[in-house]
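Dear colleague,

I am passing on the structure below, together with some notes that I hope will be of use when you open it. Please read them alongside the sequence and the coordinates.

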Amino acid sequence: KFDSAYFIRWANIAVSVVAEQSKELADSVIGIVNNYEPILELLSEQPVTLVHNDLSPKNVLADASVKPSRICFIDWEMAGAGCGLLDLVHLKYGLDPINEKKLCDAYFSELAGSRLIPTTLEDLNCLIASCELHKTMYRLARSKDWKIPSDILTNWVSEAQANLNRVHQV
């Protein structure tokens, strides 16, 4: 279950892993975690749905030879129950702005009128920023295993801070 305990566990792992690589960056991550309560609350209060939790192009198979095209998600070992937008932010990571907008527009169009996304743009943007912050904290927690260079690690900490700021602006 992707609940407060799950999110704070990954945030604390991120602090420990970043501290092994840079005290300065770890201090920044600690500052983020010290202001994590609104993120924990927001993500935990969302309607619960199935979350793949590693939804990236490598885990999506598409068969365009049939109409309509058949899309299959594979590699479900990290799946759980929680906020469905966690999958969207994972899937859109690294897309250029035009394709990110297309993906998000299609996603939100399909969910319009459901209770799975907030009804106001302000609330939706806050939820997306919270999901992006969690995904960044997850990447930071895995950064040593993935042998991430220090410049990218620095960028990820900046991304995390920017997403925290987006949440607190609302």
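This is a predicted model: local features need pLDDT of at least 70, side-chain atom pairs count only at pLDDT 80 or more; totals for chains, interfaces and linings use all residues.

Residues are numbered from 1 along each chain as its sequence is written, and side-chain values use heavy atoms, with hydrogens and water left out.

The mean pLDDT (the predictor's confidence in each residue, from 0 to 100) is 95 for the protein, and 99% of its residues reach 70 or more. Helices and strands are DSSP runs numbered from the N terminus (helices H or I, at least four residues; strands E, at least two); confidence is lowest in strand 2 (residues 60-63), with a mean of 94, and highest in helix 2, at 98.

Rings of Phe, Tyr and Trp (its six-membered ring) are taken to pair if their centres lie within 6.5 Å, and the planes count as stacked under 30 degrees apart, edge-to-face over 60 and tilted for the rest. By this rule there are 6 aromatic pairs. One of them joins Phe2 and Tyr6 in a tilted arrangement, 4.5 Å centre to centre with 50° between the planes. With buried meaning under 20% relative accessible area, exposed over 50% and partly exposed in between (1.4 Å probe, protein chains only), Phe2 is buried at 7%, and Tyr6 is buried at 9%. Tyr107 and Phe108 form an edge-to-face pair, 5.9 Å centre to centre and with 85° between the planes; Tyr107 is partly exposed at 25%, whereas Phe108 is buried at 16%. Ring pairs also link Phe2, Tyr6 and Phe7 into a cluster.

Arg139 lies over the face of Trp156, 5.0 Å from the ring centre, where the criterion is NZ of Lys or CZ of Arg within 6 Å of the ring centre and within 35 degrees of the ring normal.

On the surface, Leu50, Ile71, Phe73 and Trp76 form a nonpolar patch with about 410 Å² of accessible area together (Shrake-Rupley method, 1.4 Å probe, only the protein chains shown counting as cover). Trp76 sits in the loop between strand 3 (70-73) and strand 4 (80-82) and is partly exposed at 38%.

Finally, Gly31 belongs to helix 2 (residues 23-33) and is partly exposed at 27%. Gly31 and Gln161 are 130 residues apart in sequence and 8.8 Å apart in space, C-alpha to C-alpha.

With best regards

Note on methods: Patches are made of residues with over 30% relative accessible area and no salt bridge: like charges are joined within 9 Å, nonpolar side chains (Val, Leu, Ile, Met, Phe, Trp, Tyr) within 5 Å. A salt bridge is a side-chain nitrogen of Lys or Arg within 4 Å of a carboxyl oxygen of Asp or Glu.
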